[in-house]
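Good morning, and thank you for coming. Please look at the sequence and the structure on the screen, and I shall then take you through them.

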Amino acid sequence: MNLAGAVVIYIVWWWVIFLAVLPMNVEGRWEKPDDGVEGADPGAPTDPRLKQKAWLATRIAFAFWLVTAAIILSGVFNFLD
């Protein structure tokens, strides 16, 4: 595994995990009677907490990437043949 492959694997893991954690703890505007935003879409989240979810995705993706890199570098699977 070269550097470019390692970066690509990490980016793919990050996006998969980010999209998985994105709907966690989300309240729609329709669930709060007074959210202070006039004319907003009722399905829009009141507080999406994107920064916290991005950091969570980063930490989880790093752990998944470590496992993936260990498997690839150990030679358990030979991807070249």
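I begin with a definition: a residue is called buried under 20% relative accessible area, exposed over 50%, and partly exposed in between, using a 1.4 Å probe and protein chains only. T46 counts as partly exposed because its relative accessibility is 23%. Please note that this is a predicted model, in which local features need pLDDT of at least 70, side-chain atom pairs count only at pLDDT 80 or more, and totals for chains, interfaces and linings use all residues. Residues are numbered from 1 along each chain as its sequence is written, and side-chain values use heavy atoms, with hydrogens and water left out.

Where does T46 lie? T46 is in the loop between α1 and α2. T46 and R29 are separated by 17 residues in sequence, and their C-alpha atoms are 5.5 Å apart in space.

Let us turn to the helices. Helices are DSSP runs (H or I, at least four residues), numbered from the N terminus. Helix α1 covers residues 3-21, which is 19 residues, and reaches 27 Å from its first C-alpha to its last. That is close to the expected 27 Å, where the expected span is 1.5 Å times one less than the number of residues.

Which residues of α1 are buried? They are A6, W14, I17, F18 and V21. They lie on the same side of α1 because they cover an arc of only 105 degrees around the axis, the arc being that of the directions from the helix axis to the C-beta atoms. On the other side of α1, the residues A4, V8, L19 and A20 are exposed.

What covers the buried residues of α1 includes α2, residues 50-74. Contact here means heavy atoms within 4.5 Å. Helix α2 has 25 residues and reaches 35 Å, close to the 36 Å expected. Its buried residues are K53, A57, A61, W65, T68 and A69, and their cover includes α1.

I9, in helix α1, is partly exposed at 22% relative accessible area. Not counting residues up to four places away in sequence, I9 touches M1, W65, T68 and I72.

How do the two helices pack? The angle between α1 and α2 is about 135 degrees, and their axes are 8 Å apart. Finally, α2 is followed by G75, whose phi is positive, near 90 degrees.

Note on methods. Axes fitted to C-alpha atoms, helices over the stretch in contact; angles between N-to-C directions.
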